[in-house]
Amino acid sequence: MPFDRGSFSFTMFEINGDIPENFAELFVPVKAGTLDSVTSEVQLGWVTGHHLLDTNIDEATIVRGGAYNLILRQAVRKIPASLLNALCMREEQAFLAANPGRDYVSSKDKKRIKEDVMERHISKMPPALSGIPMLLEPHTKLLYLGATSQTQIDLFVDQFYRATKLEPIQLTPALILDRE
């Protein structure tokens, strides 16, 4: 993950409130599910900072160098666009062959074919995994988030607050300079 090696971009936050003693336990009820449970709907959940499959969340597994290291994992099953288009075209050709005298497939039939293809093939696709890593230094109450896009930041803040009831406040250069 980005905090382990190489270069990375991050956003800084300050935690508003006291970090509870049972911080690690707060993430257990909202940890990421199994890969078998991933569907075409995005599944969000927390994993340790080790890798996107490590759902064994406890004090020993999330503390690294005195900081809490977790990842908000997103998992979804998708059919790549080129494969979906090819599967739909194959089904449309079969539809035309089964219906002599038809020169085209109506948009209504195309929609039904696409839905059928998705339903039949989505479970065969491997889950696509991505994550938003974070480090939280409990003594300074500073949180470092391995994301800079506003969409990812908003998603993270929402999920972090749901798990901890702590509000991360984004630190900007102007805000930091005003405090000094």
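Q: Which residues of helix 4 are called buried, and what makes them so?
A: In this predicted model, the residues of helix 4 that count as buried are I153, F156, Q159, F160, A163 and T164. The term requires under 20% relative accessible area, and these residues of helix 4 are therefore assigned to that class.

Q: What do the buried residues of helix 4 pack against?
A: They pack against strand 1, strand 2, strand 4, strand 5, strand 6 and strand 7. Contact here means heavy atoms within 4.5 Å.

Q: What is the span of helix 4, and what is expected at 1.5 Å a residue?
A: Helix 4 comprises residues 150-164, 15 residues in all, and reaches 21 Å from its first C-alpha to its last. The expected value is 21 Å, and the span is close to it. K165, which follows helix 4, has a positive phi near 60 degrees.

Q: Why is strand 4 described as largely enclosed?
A: Eleven of its eleven residues are buried, so the rest of the structure largely encloses strand 4. Both of its faces are covered: A67, N69, I71, R73, A75 and R77 are on one side, and Y68, L70, L72, Q74 and V76 on the other.

Q: How do you know that strand 4 pairs with strand 2, strand 3 and strand 5?
A: Pairing requires at least two bridges. Strand 4 has six with strand 2, two with strand 3 and ten with strand 5; therefore each counts as a pair. The sense is antiparallel with strand 2, with strand 3 and with strand 5. Among the partners, L44 is bridged to Q74, R64 to A67, and V76 stands opposite A128 in strand 5.

Q: What makes strand 6 a partner of strand 1 and strand 5?
A: Four bridges join strand 6 to strand 1, and four join strand 6 to strand 5; the criterion is at least two, so both qualify. Both pairings are antiparallel. Y144 is the bridge partner of M12, and M134 stands opposite L145.

Terms used:
Residues numbered from 1 in each chain as written. Predicted model: local features only at pLDDT ≥ 70, side-chain atom pairs only at ≥ 80, totals over all residues. Heavy atoms only, no water. Expected span 1.5 Å × (residues − 1). Buried < 20%, exposed > 50% of the residue type's maximum accessible area, 1.4 Å probe, protein only.
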